Number of protein chains: 2
Amino acid sequence: MLIVQKYGGTSMGSTQRIQNVANRISHSLYAHSSTATHTSNTNAQNGNKLVVVVSAMSGVTDEILQHAYAFTPTPNERDLDMSLSSGEQMSAALLSIALNAKGLKSIALNGRQAGIFTDSNHTKARIQYIDTSNIKALLSEGYIVVVTGFQGLSDRGEITTLGRGGSDLSAVALAGALKADSCEIYSDVDGVYTTDPRIESKAKKIERISYDEMLELASMGAKVLLTRSVELAKKWNVPIYAKSSFSEDSGTLITTEENIMEKPIVSGIALDKNQARVSLIGVQDKPGIAAELFSKLSKANINVDMIVQTIGRDFKTNLDFTVPKNELEKAKITLNEFDSNADLIDYDNEVAIVSIVGVGMKSHSGVAAKAFQAMAKDNINIRMISTSEIKISMLIDLKYAELGVRVLHAAYKLDQ
Amino acid sequence: MLIVQKYGGTSMGSTQRIQNVANRISHSLYAHSSTATHTSNTNAQNGNKLVVVVSAMSGVTDEILQHAYAFTPTPNERDLDMSLSSGEQMSAALLSIALNAKGLKSIALNGRQAGIFTDSNHTKARIQYIDTSNIKALLSEGYIVVVTGFQGLSDRGEITTLGRGGSDLSAVALAGALKADSCEIYSDVDGVYTTDPRIESKAKKIERISYDEMLELASMGAKVLLTRSVELAKKWNVPIYAKSSFSEDSGTLITTEENIMEKPIVSGIALDKNQARVSLIGVQDKPGIAAELFSKLSKANINVDMIVQTIGRDFKTNLDFTVPKNELEKAKITLNEFDSNADLIDYDNEVAIVSIVGVGMKSHSGVAAKAFQAMAKDNINIRMISTSEIKISMLIDLKYAELGVRVLHAAYKLDQ
């Protein structure tokens, strides 16, 4: 099998931890993954083929950033990318030294040598294509190929970085381009949970979750994988195992809906405490008002999340939406400049959004009703409701945020 | 003028120190160097053109080495080079960020981008050629070009490092390839001294010194510049200013003999406490003995320094030589296996070599006599004597090492 593994900064955080990663890789050489969606690369005689993507040792990137921002609040991005990329070059090479020291055949490649080509959008470059010829040649020579995450090369020959979560993205993109059998993302958490275990200690690790569910959980704050990596994995159909590098737990498999036999109605509960509510009460109910408002907000670079509009009466309606808390002041300015003709504009910072996510709810009725009943039973007032095919989101008062998560977690028996 | 500057690890050792280097570079843009051997690059309207070569921030390289050697006493050199080179990539990029933050147009290049091509001899690669096209293009666009020292790219596309003193070598090689007007090597010492100021506090900074004298002083332990950088500078006729990045001192100019008007008879006194003496007493005085012995020592990778043979009598002679102290045991083994027919083989670890270096002694007589008289006056017994055109070396007992240096320093009035 061809396996792409990715180890984050915490997993690479010290000599001892790099040694642990080397041991883990050594075991992976002859391990069988629990699922295989491709079989073309299987090479039973010589064990698995491994491509290992690494982040910088934890602390190193922060240290570089500290230096850079000591000179200016706006370091020039081309040189910033060059300095940042040195962290992964160091960690990748050190891991390869550790692997060689164990008698394994290993080689470290930077973004250029791995053939990861990006656009020239420094500090947040997008991968344009991956020339896998070098990696494939090295794999067929029996090398474990260690690749610097987070970085690529622009067509101008400049070093670029991929932005937040960039090493995950490197791993998923390499797995896609190499048609790997699986992509294992190692961090300090052992998978995706039904909800944040710091809020609900009864939260359980999810064995399998679909890309779409993961996207909803990721965008709502689950920290295992960022949205863009999940999107890429979905697009290229790369099965991802989210695992801990500090345990032997099998982790969570993120895969297509078809690969999940028993679809739970609800997979997890997400919480977002980073939104503020904006309500336009008594807006004139005529076409174009909403369109104009949201295009103005968009032009001001304000990310609107939930939008709810109720049926009007007497030619008036209510329009509620949420924006990130740190963009609320910008939103107020935009709204002041916009003639909404609303009777009242109301803002509320003290809110949270709890969401129920699950592919099973597509084919089940009564899912929402159960949520509303559970919330009502504990006197949690639901201020806004918004639903999609696999998600039900509720805006509630901030003080009820954690309680709301626990209530919903129990209502759908996620602790069982 | 086109100036190549090199800043060592101590000069780059913190955010504040990188800021100081940026300030110094900023001043250099419009400064006039005290000598110019080429004038073709002079660009009075736009100030000087600057190429700045940097080492890794002090401590970074040691940290990387510590990690690498924690895995194995013999890290694989290809990956070691990749990890080591990250240090300069970080420091070069950070300096360029600092320069940009000051409103200067700057760009950082790694070895590949700077066009520094080496052989594949990892950890001690030799520069094969420098493709200056990229640097020249950037200079003509008005950039200050910051280049990672110590590293290059092999024709296999691998990152290589140049070994000890590699950043100096990068700077001298770039200065040669670019036909720079001067090469300024900044460190934490402000130039070359008549002798080690820790031994003789009256030691004086030398204003100008020839390449050959510098070579003799460098090989005897003067730490300002390593032999290979001086050799390269001599070969390519690159004038070097050895300066301190912590002072405004004009430093020492290392140049051709012709550029030194008043040639002092003696320029400096060197001390080497790292040699051990080997004496073959009463060796058969027949052809081929010395040849056979020294070829055997060479095969055992033992670096012989001083060799002295006295005229024999009664078909017997004495043969004395020195080897590095840490190679003495190897030398003993070689000698035990070699049938020298000597009456006695004597070893002495407790010795030191003091040397008088000066181009002026070529044309002056009595230089050696003065040394011998001075040593005799203070009862320092000279065990061996060896002379070259510009150097007189004396092997003395280790306990007299520092005294010998001071005696000679005074004898040639180097403190005046």
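Okay, let me start out on the surface: Asp343(A) has a relative accessibility of 52%, so it counts as exposed. For the cut-offs, buried is under 20% relative accessible area, exposed is over 50%, and partly exposed is in between, with a 1.4 Å probe and protein chains only. Before going on, this is a predicted model, where local features need pLDDT of at least 70, side-chain atom pairs count only at pLDDT 80 or more, and totals for chains, interfaces and linings use all residues. Residues are numbered from 1 along each chain as its sequence is written, chains are lettered from A and ligands numbered from 1 in the order in which they are written, and side-chain values use heavy atoms, with hydrogens and water left out.

Back to Asp343(A). Its side chain meets that of Lys316(A) in a salt bridge, 2.6 Å from N to O; by salt bridge I mean a side-chain nitrogen of Lys or Arg within 4 Å of a carboxyl oxygen of Asp or Glu. The partners are 27 residues apart: Asp343(A) is in the loop between helix H9 (328–337) and strand E17 (344–348), while Lys316(A) is in strand E16 (residues 316–324). Helices (H or I, at least four residues) and strands (E, at least two) are DSSP runs, numbered from the N terminus. Lys316(A) counts as partly exposed, at 33%.

Over in chain B, Glu257(B) and Lys362(B) also meet in a salt bridge, at 3.2 Å, N to O. Glu257(B) lies in the loop between strands E12 (252–255) and E13 (268–272), and Lys362(B) in the loop between strand E18 (351–357) and helix H10 (367–377), so the pair ties together parts 105 residues apart in sequence. Glu257(B) is buried at 19%, whereas Lys362(B) is partly exposed at 41%.

Then there's a pair away from the surface. Asp79(A) and Arg78(A) form a salt bridge at 2.7 Å, N to O, with Asp79(A) buried at 0% and Arg78(A) buried at 13%. Over all chains, the structure holds 34 salt bridges.

Helix H1 (15–28), helix H2 (60–71), helix H3 (77–101) and strand E3 (106–109) of chain A each supply at least two residues of the side that touches chain B. The largest share, 16 residues, comes from H3(A). In total, 40 residues of chain A contact 40 residues of chain B, contact meaning heavy atoms within 4.5 Å. The two chains bury about 3300 Å² between them, 66% of it on carbon and sulfur atoms; that's the accessible area (1.4 Å probe) that two parts lose on being put together, summed over both. Phe71(A), Met82(A) and Ile97(A) supply 22% of the area that chain A buries against chain B, more than any other three residues.

Now the symmetry. Chain A can be laid on chain B with an RMSD of 0.1 Å by a turn of 180 degrees and a shift of 0.0 Å along the axis. The copies are thus related as by a two-fold rotation axis. Superposition is by least squares on the C-alpha atoms of residues with pLDDT of at least 70 in both. In chain A, the C-alpha nearest the axis belongs to Ser86(A), 2.4 Å from it.

Last stop, the annotated site. An unreviewed UniProt entry lists a "binding site" that includes Lys6(A) and Val224(A); such annotations may be inferred rather than shown by experiment, feature names are shortened, and positions are in the numbering used here. Lys6(A) is in strand E1 (residues 2–7) and is buried at 8%. Its side chain makes a polar contact with that of Asp168(A), at 2.8 Å. Val224(A) sits in the loop between helix H6 (211–219) and helix H7 (227–236), is buried at 16%, and has Asp168(A) among its contacts beyond four places in sequence.

Definitions and conventions. Polar contact = N/O pair within 3.5 Å; in protein donor to acceptor, adjacent residues only side chain to side chain.
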